[in-house]
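Subject: Structure handover

Hi,

Here is the structure I promised to pass on. Please open it alongside this note; my findings follow below.

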Amino acid sequence: MKEIALILHDDVTLSTVTGAMDMLIHTNNLFQQSGKPLPFKIVLAGEKPGNGLLPISSPFISYTTIEDLKQPDLIIVPAFYGDRDFSLKKHKDIIKWLNTMHRCGSEIASMCSGVYFLAEAGLLPGRACTAHWADMVDIVRRYPDVNFQSDMVITDQEGIYTSGGAFSSLNLILYLIDKFCGRDVGIWASKMFSLDMDRISQSHFAVFKGQRQHNDDDIQKAQTYIEQNHHLQINIDEIAGNSNMSKRNFIRRFKKATKNTPFEYLQRVKIEAAKKALEKGAQNINLLMYDAGYNDIKTFREVFKKITGLTPQDYRKKYSRTDLVPG
């Protein structure tokens with residue numbers, strides 16, 4: 001039996017706790033009904049006695065404080081709400097405790113923004129990690145020694161697990177059930193909770209908003225120019241000229257400010273425009289390609305799939321509202 005501790009605190013996103021707990025409880029139920037030893041001891045561990053945030057009447061759930069929790073096999077850190085700096089400072093005792101538990105041998109997992117706790121605890125340098133795609137810029141800025149993989153739904157490296165954004169983090173719980181209980185149980189859980197076992201990417205969820213968290217006014221203007229003219233056959237020389245910079249200096253400053261080269265940024269703006277058109281039901285891929293500023297359908301499809309993880313046709317099928325209406 002593995003002891004799994006779900007962390008509770010005042011700022012926790014309760015849906016991530018209850019979702020994980022529901023999956024683990026149902027898995028225990030499956031084993032109990034089959035007359036097999038239970039796979040999980042599920043503990044809700046908080047900073048305060050009683051954990052009044054989440055009263056649950058289940059024989060599979062117990063409550064404790066992090067101080068009284070000896071050494072669980074796995075600790076799951078849920079997502080949290082609120083200002084990152086404030087919450088991380090507020091819960092510094094949990095963060096310190098995570099570091100201690102990991103050094104003592106406990107495995108640690110994060111759901112969505114819970115990865116901030118792992119990073120603050122010093123558990124991620126050199127390791128791959130993921131979280132909500134919208135946190136990428138902030139996490140890379142705060143923790144430059146972390147290998148952040150925004151397109152991944154799950155990472156598993158040396159006893160440290162991280163998961164993608166929002167409800168996609170439940171794919172991590174499915175992964176853990178599969179890993180700890182075997183493939184048959186994993187398949188059962190996939191069907192029970194309607195979760196795709198093979199889902200490894202969250203790229204198609206990402207919304208490109210432009211990387212503007214910098215103070216370089218010239219690059220801000222260049223970004224605006226790209227966003228307003230992406231449908232035209234603009235090139236980097238033209239954009240650099242409009243910015244009164246040499247091409248080499250422009251590329252250097254642009255990448256320093258946005259973490260993308262100007263060409264990568266232009267591609268992402270074009271693909272974001274194509275995504276929006278597909279979501280509105282655009283049917284002609286060739287016309288959509290021209291509107292996005294591409295002339296070659298093969299190149300367009302390759303770039304679209306590289307950025308979103310889906311072909312244009314598959315993206316339209318997945319997100320177009322018109323495709324949801326029965327014919």
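I start with the aromatics: Phe80, Tyr116, Phe117 and Tyr143 form one aromatic cluster. Bear in mind throughout that this is a predicted model.

**Aromatic pairs**

There are nine aromatic pairs in the structure. Take Phe80 and Tyr116. Their ring centres are 6.1 Å apart and their planes stand at 80 degrees, so this pair is edge-to-face. The two residues come from distant parts of the chain, 36 residues apart. Phe80 sits in the loop between β4 (74-77) and α2 (84-90). Tyr116 belongs to helix α4 (residues 115-120). Both Phe80 and Tyr116 are buried.

A tilted aromatic pair is made by Tyr294 and Phe300. Here the centres are 5.5 Å apart, with 55 degrees between the planes. Tyr294 has 8% relative accessibility, so it counts as buried. Phe300 is at 0% and therefore counts as buried too.

**Charges over rings**

Lys270 lies over the face of its ring, 5.4 Å from the ring centre. Another case involves Phe31: the charged end of Lys36 sits over its ring, 6.0 Å from the centre.

**The chain as a whole**

The chain has 327 residues, and 50% of them count as buried. It holds 14 helices and nine strands. The C-alpha trace spans about 65 × 50 × 30 Å along its principal axes. Consider the contacts with a separation of 6 or more: residues 24 or more positions apart account for 64% of them.

**The sheet**

What is the strand order in the open sheet? Seven strands line up as β3-β2-β1-β4-β5-β9-β8, with mixed pairing. The edges are β3 (61-65) and β8 (154-157). Each of these has a single partner strand, so one of its sides has no neighbour in the sheet. On average, neighbouring strands are turned by 20 degrees against each other, direction ignored.

Both senses of pairing can be seen at the two ends. β2 and β3 pair in the parallel sense, over five bridges. Within that pairing, Ile42 stands opposite Ile61 in β3. β8 and β9, in contrast, run antiparallel and are joined by four bridges. Gln157 has Ile160 in β9 as its bridge partner. β8 and β9 form a hairpin with two residues between them. In the turn, Glu158 has a positive phi of about 55 degrees.

**Nonpolar cores**

In soluble globular proteins, nonpolar side chains tend to be buried together. Which residues have the most contacts inside the largest nonpolar core? They are Met23, Ile42, Ile76, Ile173 and Ile177, in a core of 34 residues. Several elements give two or more residues to this core: β1 (2-8), α1 (14-33), β2 (40-46), β4, α6 (170-181) and α7 (183-192).

Leaving aside neighbours within four places in sequence, Ile177 is in contact with Met23, Leu24, Thr27, Phe40, Gly182, Val185 and Ala189.

**Leu266**

One last residue. Leu266 is placed in helix α11 (residues 262-279). Is Leu266 buried or exposed? Its relative accessible area is 5%, so Leu266 is buried. Setting aside neighbours within four places in sequence, Leu266 is in contact with Ile226, His230 and Ile234. Leu266 and Asn286 are 20 residues apart in sequence, and their C-alpha atoms are 19 Å apart in space.

Best wishes

Key. Residues are numbered from 1 along each chain as its sequence is written. This is a predicted model: local features need pLDDT of at least 70, side-chain atom pairs count only at pLDDT 80 or more; totals for chains, interfaces and linings use all residues. Side-chain values use heavy atoms; hydrogens and water are left out. Rings of Phe, Tyr and Trp (its six-membered ring) pair if their centres lie within 6.5 Å; planes under 30 degrees apart count as stacked, over 60 as edge-to-face and the rest as tilted. Buried means under 20% relative accessible area, exposed over 50%, partly exposed in between (1.4 Å probe, protein chains only). A charge sits over a ring if NZ of Lys or CZ of Arg is within 6 Å of the ring centre and within 35 degrees of the ring normal. A nonpolar core is a set of buried Ala, Val, Leu, Ile, Met, Phe, Trp, Tyr and Cys residues joined through side-chain atoms within 4.5 Å. Contact means heavy atoms within 4.5 Å. Two strands pair if DSSP finds at least two bridges between them. Axes are lines fitted to C-alpha atoms, for helices over the stretch in contact, and angles run from 0 to 180 degrees between N-to-C directions.
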